[in-house]
Amino acid sequence: QLVESGGGLVQAGTSLRLSCAASGRAFVDYAMGWFRQAPGKDREFVAAVSWRGTSTYYADSVKGRFTISRDDAKPTVYLQMNSLKSEDTAVYYCAAVRSLSTAQVVGRMPGSQYEYWGQGTQVTVSS
């Protein structure tokens with residue numbers, strides 16, 4: 001029900017936009033998040049957007065470089081990634097959690113609380 005796309009191999013300093021298309025149900029009352037998992041590392045939170053898109057929240061490692069947004073008309077969630085670094089290399093997953101809280105609250109939730117997950121898309125940044 002969540003399908004990511006847009007990953008690929010890029011050079012450091014460039015940009016990439018990931019998309020997460022939702023289907024099968026309405027996600028209007030769901031907050032959405034992006035997570036990533038690098039080889040040999042635990043999954044980590046990247047960014048979250050609240051259910052109406054009125055608030056966003058980011059991990060410190062991506063703040064100022066990544067932007068999360070949503071378009072409920074499509075419905076799709078985006079992750080615009082600028083100034084990519086080699087340490088951004090990972091499989092990126094989008095996820096949905098039914099919550100009317102702000103993104104700051106949602107962003108602190110553990111991944112286990114998210115109800116729906118995509119299959120992931122690989123992002124590789126060469127230095």
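Strands β7 and β8 form a hairpin with four residues between them. Strands here are DSSP runs (E, at least two residues), numbered from the N terminus. The model is predicted: local features need pLDDT of at least 70, side-chain atom pairs count only at pLDDT 80 or more, and totals for chains, interfaces and linings use all residues. Residues are numbered from 1 along each chain as its sequence is written, and side-chain values use heavy atoms, without hydrogens and water.

**Exercise 1.** Find the pairing partners of β8 and the sense of each pairing.

*Solution.* 
- Step 1. Apply the criterion: two strands pair if DSSP finds at least two bridges between them.
- Step 2. Take β7 (residues 66-71): six bridges tie this strand to β8, in the antiparallel sense. Here I68 stands opposite L79.
- Step 3. Take β3: the pairing with β8 is antiparallel too, over six bridges. Here R17 stands opposite Q80.

**Exercise 2.** Decide how enclosed strand β8 is.

*Solution.* 
- Step 1. Set the classes by relative accessible area: buried is under 20%, exposed over 50%, partly exposed in between (1.4 Å probe, protein chains only).
- Step 2. Count along residues 76-81: five of the six are buried, so β8 is largely enclosed by the rest of the structure.

**Exercise 3.** Locate and describe the disulfide.

*Solution.* 
- Step 1. Search for cysteine sulfur atoms within 2.5 Å of each other.
- Step 2. Name the pair: C20 and C94, S to S 1.9 Å.
- Step 3. Assign the hand: the S-S torsion is about 50°, so the disulfide is right-handed.
- Step 4. Check burial: C20 is buried at 1% relative accessibility, and C94 is buried at 1%.
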